[in-house]
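Q: I'm new to this structure and would like a close look at a single part of it. Could you walk me through it in plain words?

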Amino acid sequence: MNILRRPSRRIKRGCVRSVSRGLRPKVDFNAKHPLWGSSLASDGGNELLNLLDENAFCVLNDGTPIYCSHSYDSRNALDVAFACPDIFTSCS
């Protein structure tokens with residue numbers, strides 16, 4: 001399942017919950033947050049963080065950005081990875 005969230009739209013709760021049901025959606029959340037390596041938090045980033053917290057998911061990113069823009073003096077993680085607590089310790 002591939003999903004693109006436009007920055008002007010809210011994140012559907014089902015996108016996050018589907019992971020706990022064993023589905024592995026590929027989602028472009030357009031969500032920035034320092035927890036996963038962005039310079040700042042967007043509304044979508046705060047919303048995604050709240051949904052992950054509500055569903056007891058653990059963020060796998062270590063906060064290291066993978067993209068740096070010297071022109072805009074910003075850094076970002078283009079991907080966020082998360083897992084349920086059952087398998088979190090098995091992830092590296």
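In which helix is isoleucine 87 found? And once that is clear, please carry on to the other parts of the chain.

A: Isoleucine 87 is found in helix H3, residues 85–88. A quick word on the ground rules: this is a predicted model, where local features need pLDDT of at least 70 and side-chain atom pairs count only at pLDDT 80 or more, while totals for chains, interfaces and linings use all residues. Residues are numbered from 1 along each chain as its sequence is written, and side-chain values use heavy atoms, with hydrogens and water left out.

Helices here are DSSP runs (H or I) of at least four residues and strands are DSSP runs (E) of at least two, numbered from the N terminus. Back at isoleucine 87, the residue is partly exposed, with a relative accessible area of 43%. "Buried" stands for under 20% relative accessible area, "exposed" for over 50%, and "partly exposed" for in between, with a 1.4 Å probe and protein chains only. Isoleucine 87 and cysteine 58 are 29 residues apart in sequence, yet 9.5 Å apart in space, C-alpha to C-alpha.

Now let's step back to the whole chain. It has three helices and six strands, and from the N terminus on they run β-α-β-α-β-β-β-β-α. Of its 92 residues, 27% count as buried. Contact means heavy atoms within 4.5 Å; among contacts between residues at least 6 apart in sequence, 51% join residues at least 24 apart.

The structure holds one aromatic pair, formed by phenylalanine 57 and phenylalanine 82: they sit edge-to-face, 5.4 Å centre to centre, with 70 degrees between the planes. Phenylalanine 57 lies in the loop between helix H2 (43–54) and strand E3 (58–59) and phenylalanine 82 in strand E6 (residues 82–83), so the pair ties together parts that are 25 residues apart in sequence. For the cut-offs, rings of Phe, Tyr and Trp (its six-membered ring) pair if their centres lie within 6.5 Å; planes under 30 degrees apart count as stacked, over 60 as edge-to-face and the rest as tilted. Both phenylalanine 57 and phenylalanine 82 are buried.

Next, the loop between strand E2 (26–28) and H2, which is where serine 38 sits. Serine 38 is buried, with a relative accessible area of 0%. Its side chain makes a polar contact with the side chain of asparagine 76, at 3.3 Å. (A polar contact is a pair of N or O atoms within 3.5 Å; within protein, one must be able to donate a hydrogen and the other to accept it, and residues adjacent in sequence count only if both atoms are side-chain atoms.) Serine 38 and asparagine 76 are 38 residues apart in sequence, but their C-alpha atoms are 3.9 Å apart in space. Leaving aside neighbours within four places in sequence, serine 38 is in contact with Lys32, His33, Arg75, Asn76 and Ala77.

Alanine 41 also has its place in the loop between E2 and H2. At 38% relative accessibility, alanine 41 counts as partly exposed. Alanine 41 and alanine 31 are ten residues apart in sequence and 7.8 Å apart in space, C-alpha to C-alpha. With neighbours within four places in sequence left aside, alanine 41 is in contact with Lys32, His33, Pro34 and Asn46.

Last stop: tyrosine 67, which lies in strand E4, residues 67–69. Tyrosine 67 is partly exposed, with a relative accessible area of 42%.
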